[in-house]
Amino acid sequence: MVAINLNTTEIRCQEKSRGGLSYEVILAEPAPNVAVPKRPVTPGKNVSVEEIEQKLKAAEERRISLEAKKMADISNKLAKVEEATRKKDEITNEFITQTKEQLESKMELHVEKREAIISDMKEKLKIHAQEIEKTRETLEQQKVNEQKAIEEKLKTAQTLRDENIKKMLNRLKEHNTIKIAEIKSQVDQLESQKLEEKARIIENKLYTAEQNREKELQKKIEKVQKLERRAELVRQNKAQAPQTQDLDGQQNVIASSG
């Protein structure tokens, strides 16, 4: 509150709301008539009613003139206060405008940077997914090729075994039937054991290779899922950011003007 004291006259200025002022003017009691040198009264002469009225009229005029001067001084003071308030409001509005423009500029720059980061992450995820797909296709093709190679080897081994058996049978054709049967049985058993042993070794190698490929593929899939979850969090933050930033901007503007 601002109080201006002019002798016994008061002007009270109070801020009722942000940017608004309330003035209260309290006028003093009328000042007593200024003493005027009195003419010496002639002894034995009475003052007439007309002279008294003239004196009262002159006193009233002096009082009105004094009050007019005081009111003029009050008006000048009020004008200065209003001018100061106007300048304060102009400075406050200019500060609010500049602060708002700076906040909007920073917000736009932040959004552009965030969009660039999200775009870069999407591109990297896309490239990574393509690499995973190529790796999976390569592993599948390797598996098919290995299976074909194993089948070819088994087929070749079977052919060689049959040929060896035929040769042995031709050589042992002159021996008796029992001896030939025993030799054939032994040869079949021996060849079967060898083939089973080779097949078991090959199957163990294939199983180990398949397990290693599955582990590597699972690691890459988990990495992609992690990147996708991170990208989803960024998208959710982007959807929620404008409202939070608007509230923060309004609070900062109110705090600055207060």
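A residue counts as partly exposed when its relative accessible area lies between the buried range, under 20%, and the exposed range, over 50%. The exercises below apply this to a predicted model.

**Exercise 1.** State how many helices and strands the protein chain has, and in what pattern they follow along the sequence.

Solution. The chain has 2 helices and 3 strands. Read along the sequence, the pattern is β-β-β-α-α. Helix H1 covers residues 49-171, and helix H2 covers residues 177-257.

**Exercise 2.** Find what share of the residues in the protein chain is buried, and what share of the accessible surface belongs to carbon and sulfur atoms.

Solution. The chain has 258 residues, and buried residues make up 13% of them. Its accessible surface comes to about 21,200 Å². Carbon and sulfur atoms account for 53% of that surface.

**Exercise 3.** Describe the salt bridge between Glu-90 and Arg-86, and classify both residues as buried, partly exposed or exposed.

Solution. Start with the distance: the closest N and O atoms of Glu-90 and Arg-86 are 2.3 Å apart. The cut-off for a salt bridge is 4 Å, so the pair qualifies. Next, place the residues: both lie in helix H1, 4 residues apart, about one turn of the helix. Last, classify them. Glu-90 has a relative accessible area of 44%, so Glu-90 is partly exposed. Arg-86, at 38%, is partly exposed as well.

**Exercise 4.** Locate Lys-238 and Glu-115 in the chain, and say how their side chains meet.

Solution. Lys-238 and Glu-115 form a salt bridge, with the closest N and O atoms 2.0 Å apart. This pair links distant parts of the chain, since Lys-238 is in helix H2 and Glu-115 is in helix H1, 123 residues apart. Lys-238 has a relative accessible area of 30% and is partly exposed. Glu-115 is also partly exposed, at 30%.

**Exercise 5.** Give the count of salt bridges, and name the residues linked with Arg-63 in a network.

Solution. The count comes to 13 salt bridges. Arg-63 is linked with Glu-60 and Glu-67 in a network of salt bridges.

How values were computed:
Residues are numbered from 1 along each chain as its sequence is written. This is a predicted model: local features need pLDDT of at least 70, side-chain atom pairs count only at pLDDT 80 or more; totals for chains, interfaces and linings use all residues. Side-chain values use heavy atoms; hydrogens and water are left out. Buried means under 20% relative accessible area, exposed over 50%, partly exposed in between (1.4 Å probe, protein chains only). Accessible areas come from the Shrake-Rupley method with a 1.4 Å probe; for residues, only the protein chains shown count as cover.
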